[in-house]
Amino acid sequence: MGAKRKKEDAPEMAEDADIDDGGCRDRRNRQKVEKKEEFRPSMIKNKEKRSAAHAKLKHQKKLEKRKTKKAREAADKQALELGEEPPQRSVPRTIENTREADETVCKPDDAELFVANDADEFSSILRRERAPKILITTCRFHSTRGPAFISELLTVIPNAHYYKRGTYDLKKIVEYATKEDFTTLIVVHTSRREPDALLVTSLPSGPTAHFKLSKLVLRKEIKNHGNPTGHVPELVLNNFTTRLGHRVGRMIQSLFPQNPDFRGRRVVTFHNQRDYIFFRHHRYIFETKESKQQDPKSKKGKDAEDKSTGQQVIARLQECGPRFVLKLKSLQHGTFDTRGGEYEWVHKPEMDTSRRRFFL
Amino acid sequence: MPRTTTVECPGCPPLRALTFDALGLIKVTESRGNSGGIPQVVERWGDADSSKCVLAASIDDRANDPILAVARKNGTIEISNPLSGDIFVSISDFGDGDGHPEDDDIAGLHIFKKSRSVGSCSLLTCTTKGNASLRSVDIAPTESTNNGASNSWKVCAAGKVLCAKVHGSEKHALFGGKGVEVNLWDLESSTKIWAAKPPPKNSLDIFTPTWFTSATFLTGNDHRKFVAGTNSHQVRVYDTSAQRRPVISFDFRETPIKSVAEDHDGYTIYVGNGSGDLASIDTRTGKLLGCFLGKCSGSIRSIARHPDHPVIASCGLDSYLRLWDVKTRELLSATFLKQHLTCVVFDSNFSDKEVVAPDAQNADEIPGEVEQEALKLVKRKKFPEEMKGKKKKSKDDRSKKSKKKCCQMESKECDDS
């Protein structure tokens with residue numbers, strides 16, 4: 001207690017000393033308010049006292065949270081009993097909610113964006129003028145899980161072919177692939193015997209995206225996994241909002257054929273959240289099931305009866321195929337070229353100034 | 001509270017920059033207000049079409065009758081008014097008689113400022129196959145053949161020319177490229193007066209092929225000194241009066257040097273490379289003075305130095321136009337322009353302050369000015385009311401601007417323009 005009091009006094013004394021002419025009341029009041037807001041347990045130098053103060057603060061917060069939760073539940077229950085709407089829940093603050101306003105976000109009415117889309121390298125595939133044909137290869141080193149990963153990739157992406165790397169130069173591989181009418185080249189890069197990075201190059205002259213691959217889970221490691229069929233999958237691309245994200249999204253879209261087979265009930269998802277792209281591969285099925293409604297009192301009469309015996313359609317998912325996370329490290333303007341490469345976007349540490357700023 | 005750090009960008013002095021992008025659009029960005037103006041895009045000219053990608057641009061921004069020349073990917077060169085965007089003349093089928101083959105893009109373009117006369121201008125263009133041509137073009141609105149006298153020659157036998165620059169005195173030009181050593185040509189006699197020699201093989205006997213990606217002269221006074229940047233991230237300073245090998249050569253980071261610009265003092269250069277690093281280097285010592293840190297994540301395609309203010313502009317593939325302070329290397333502002341930008345030029349005859357100039361002076365100025373086509377008056381609406389009375393607003397603006405520009409410079413005398 002003594003320590004706390006000293007800390008509270010000290011800033012006040014310092015500020016009093018700073019006042020030259022007899023300060024106005026506003027200043028005094030403001031200081032007092034500032035003083036209250038300033039206090040944090042981290043200002044106490046003594047470790048024992050500081051940890052005690054911190055624990056006390058946390059306990060207080062926990063009690064307050066429990067209290068508000070109880071109050072909210074009571075209010076909800078009361079509202080339901082009375083037959084009214086339960087009071088509105090406030091929206092929790094998340095990092096995605098408080099993301100920094102980004103001027104590069106694509107707007108829906110941007111004519112320049114549409115022209116740029118028509119003019120970019122993927123438009124011919126996305127307009128179905130060319131069918132995607134993927135060439136997958138690895139880096140020169142062997143890896144333990146690499147071949148398994150590649151065989152799974154071959155089942156996920158239709159019309160994909162695997163060729164062994166040998167000792168060919170990537171530039172030669174690009175030439176060869178362009179000649180054989182491939183549309184994209186994927187190189188699975190290995191580090192420490194684990195697939196580590198994915199290099200996706202659009203051919204013939206397209207941009208090269210370098211992704212960092214992590215959290216790879218193979219099909220056999222997933223419990224109750226399903227086996228994918230050969231139908232063309234549906235593609236779900238979530239949250240690629242900025243111009244860069246849009247470009248990367250189109251690049252991923254150009255890997256898959258543009259005619260999904262809905263009867264195959266197969267979906268591949270690339271979900272972007274905070275610049276990490278989560279890859280999932282599911283089979284889904286729509287089922288109707290008996291719904292058990294517990295509040296028929298809200299609407300009396302026929303409606304209630306319908307609901308209580310009503311059917312609800314739900315979708316069940318079965319995961320199949322690999323699961324991994326990608327993070328874009330750089331986007332090069334031409335094909336892969338370490339020395340002469342010109343970058344459209346490269347991640348630099350100086351760009352990470354804010355925890356609320358994302359690029360994709 | 002959310003942990004965000006926002007650095008407030010200080011504004012820029014009043015300036016006007018024109019950027020050219022990969023879809024052929026020309027965007028005009030202006031910053032108003034003497035201290036702390038935030039640049040905004042005021043105009044956008046052109047139709048978005050990827051075949052009209054701008055490859056090179058040059059501006060002659062004199063006070064009266066400024067022109068802007070733009071070279072596009074489909075082989076056309078357009079000469080237009082940088083204040084309004086109206087195209088005076090568009091030359092297509094650029095080539096020497098046998099037409100213009102598909103893969104012969106224009107690598108460099110320059111408007112000659114000293115020998116400009118009313119109604120015509122001369123241009124130097126160079127294509128990647130090495131066909132350089134000096135031609136004079138009529139820009140009068142009346143019907144006339146586009147090509148006046150033209151003089152063309154071949155700069156290189158093999159290889160691809162990637163950079164071409166004309167010296168300030170407009171008597172010499174240099175060309176360099178992939179497989180093309182830097183050459184210095186005398187424009188009056190169309191002869192090559194100097195060619196560089198590659199540096200000696202390094203200790204491992206590794207031979208790097210010549211590949212110059214950018215070049216510029218160091219000062220407007222001396223045509224003998226210039227700087228070239230290579231694909232293997234080397235910046236080389238050449239002095240034709242000394243030797244054929246580079247005088248100083250230094251490495252800068254790891255990606256090709258995509259653009260080089262010189263400063264007015266004659267020894268500082270600004271280099272921008274393929275991964276977005278912009279730095280200023282002292283060529284006398286070869287020392288890196290400092291990097292411009294501003295989260296530039298895309299290759300810098302073009303750097304322009306403002307003739308008056310200590311400001312440089314850089315634009316590139318990350319679609320941002322960034323303005324930097326030269327002395328402090330601070331980012332003054334970054335404007336998002338949505339497309340891959342290829343070139344940027346400054347229009348130095350710009351002032352947003354309204355001059356309280358007596359009307360009598362303006363009346364004297366009008367007869368002396370060149371007759372122009374009707375100009376867009378949209379951008380003028382920001383200017384206050386004293387301009388409303390005049391019909392030929394634009395000419396007055398420019399005359400006032402040139403006067404105002406004199407007055408704005410602190411230490412210079414304001415002579416009659």
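How many residues of chain B are in contact with chain A? I found 38 residues of chain B in contact with 28 residues of chain A, where contact means heavy atoms within 4.5 Å.

A note on the ground rules. I am working with a predicted model, in which local features need pLDDT of at least 70 and side-chain atom pairs count only at pLDDT 80 or more, while totals for chains, interfaces and linings use all residues. Residues are numbered from 1 along each chain as its sequence is written, chains are lettered from A and ligands numbered from 1 in the order in which they are written, and side-chain values use heavy atoms, with hydrogens and water left out.

**Entry: the interface**

I looked up the area buried between chain B and chain A, and it is about 2600 Å², with carbon and sulfur atoms giving 49%. Buried area here is the accessible area (1.4 Å probe) that two parts lose on being put together, summed over both.

I then looked up the salt bridges between chain B and chain A, and the count is six. The rule asks for a side-chain nitrogen of Lys or Arg within 4 Å of a carboxyl oxygen of Asp or Glu. I wrote down B:D277 with A:K348, whose closest N and O atoms are 2.8 Å apart.

**Entry: B:H306**

I found B:H306 in the loop between β24 (300–305) and β25 (311–316) of chain B; strands are DSSP runs of E, at least two residues, numbered from the N terminus. Is B:H306 buried or exposed? B:H306 is buried, at a relative accessible area of 2%; buried means under 20%, exposed over 50% and partly exposed in between (1.4 Å probe, protein chains only).

Leaving aside neighbours within four places in sequence, I listed B:L15, B:H264, B:V311, B:F346 and B:S348 as contacts of B:H306. I also noted that the side chain of B:H306 reaches the backbone nitrogen of B:D308 at 3.1 Å.

**Entry: strand β1 of chain A**

I checked strand β1 (residues 134–138) of chain A next: five of its five residues are buried, so the strand is largely enclosed by the rest of the structure. A:I134, A:I136 and A:T138 lie on one side, A:L135 and A:T137 on the other, and all are buried.

Which strand pairs with β1(A) in the parallel sense? I found β2 (residues 160–162) of chain A, over three bridges; pairing needs at least two DSSP bridges. A:I136 stands opposite A:Y162 in β2(A).

Methods
Helices (H or I, at least four residues) and strands (E, at least two) are DSSP runs, numbered from the N terminus. A polar contact is a pair of N or O atoms within 3.5 Å; within protein, one must be able to donate a hydrogen and the other to accept it, and residues adjacent in sequence count only if both atoms are side-chain atoms.
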